[in-house]
Amino acid sequence: MSAIPSNSQVQKCQKPKLTPITDYIKIKTLGRGKFGEVYSAIHQVTNHKVAIKKISKHHPEIDHAMNEVVLLCQLQPQCQSYLLCYEGYDEDHDYIYIITENLEDYQPLTKLLGEYSPKNV
């Protein structure tokens, strides 16, 4: 599969998949940042674990969040091997929710590289 998204993939991602946030139950907060918070959640029917980024629509840089949704969607064909997998998004009056795979066993690249990490080379 090509590393560059096809035109049809890009067009499909101009209107990314809506996934109802109400289908998920919040488990715990994973972190907070400049745009909002990230929490782990579980789908009520499938028990599939995800991470959800909750971003305020009132943030002055909200356009960056929607660009992130489109970019993650466009890169979805390569997510299994190289990138965080995008699963959908939702929005309400106050927030945008970006739903991605939950990287419970995430290892920072510097830990995996050890002595070969950029700061040691």
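Modeller: Let's start with H43, which is in strand β2 (residues 36-43). A strand here is a DSSP run of E with at least two residues, a helix is a run of H or I with at least four, and both are numbered from the N terminus. One caution: this is a predicted model, where local features need pLDDT of at least 70 and side-chain atom pairs count only at pLDDT 80 or more, while totals for chains, interfaces and linings use all residues. Residues are numbered from 1 along each chain as its sequence is written, and side-chain values use heavy atoms, leaving out hydrogens and water.

Biologist: Why does H43 count as buried?

Modeller: Buried means under 20% relative accessible area, exposed means over 50%, and partly exposed is in between (1.4 Å probe, protein chains only). H43 has 15% relative accessibility, so it counts as buried.

Biologist: Which residues is H43 in contact with, leaving aside its neighbours within four places in sequence?

Modeller: They are D23, Y24 and H48. Contact means heavy atoms within 4.5 Å. H43 also has a polar atom in its side chain that lies 3.2 Å from the backbone nitrogen of T46.

Biologist: Let's look at K26. What makes its link to E37 a polar contact?

Modeller: A polar contact is a pair of N or O atoms within 3.5 Å; within protein, one must be able to donate a hydrogen and the other to accept it, and residues adjacent in sequence count only if both atoms are side-chain atoms. The side chains of K26 and E37 are joined at 3.5 Å, and those of K26 and T29 at 3.4 Å. K26 is in strand β1, and at 41% relative accessibility it counts as partly exposed.

Biologist: How do you know that K26 lies over the face of Y39?

Modeller: A charge sits over a ring if NZ of Lys or CZ of Arg is within 6 Å of the ring centre and within 35 degrees of the ring normal. K26 is 4.9 Å from the ring centre of Y39. Likewise, K54 lies over the face of Y95, at 4.4 Å from the ring centre.

Biologist: Why is the pair of Y95 and Y97 called tilted?

Modeller: The structure holds one aromatic pair. Its ring centres, in Y95 and Y97, are 6.2 Å apart and the planes are at 50°, so the pair is tilted. For the rule, rings of Phe, Tyr and Trp (its six-membered ring) pair if their centres lie within 6.5 Å; planes under 30 degrees apart count as stacked, over 60 as edge-to-face and the rest as tilted. Y95 is partly exposed at 29% relative accessibility, whereas Y97 is buried at 8%.

Biologist: What is the order of the strands in the sheet?

Modeller: Five strands form an open sheet in the order β1-β2-β3-β5-β4, with antiparallel pairing. The edge strands are β1 (24-32) and β4 (86-91), as each pairs on one side only. On average, neighbouring strands are turned by 25° against each other, direction ignored. Such angles use lines fitted to C-alpha atoms as axes, for helices over the stretch in contact, and run from 0 to 180 degrees between N-to-C directions.

Biologist: How do you know that β4 and β5 pair?

Modeller: Two strands pair if DSSP finds at least two bridges between them. Five bridges join β4 to β5 (residues 95-101). Among the bridge partners are D90 with Y97 and Y86 with T100. β4 and β5 form a hairpin with three residues between them. On β3, A51 stands opposite T100, and β3 pairs with β5 over seven bridges.

Biologist: What makes β5 largely enclosed?

Modeller: Five of its seven residues are buried, so β5 is largely enclosed by the rest of the structure. Helix α2 (residues 62-74) lies across β3 (49-56), β4 and β5, running at about 30° to β5.

Biologist: And V50: why does it count as buried?

Modeller: V50, in strand β3, has 0% relative accessibility, so it counts as buried. Leaving aside neighbours within four places in sequence, its contacts include Y39, I99 and E101. V50 and E101 are 51 residues apart in sequence, yet 4.8 Å apart in space, C-alpha to C-alpha.
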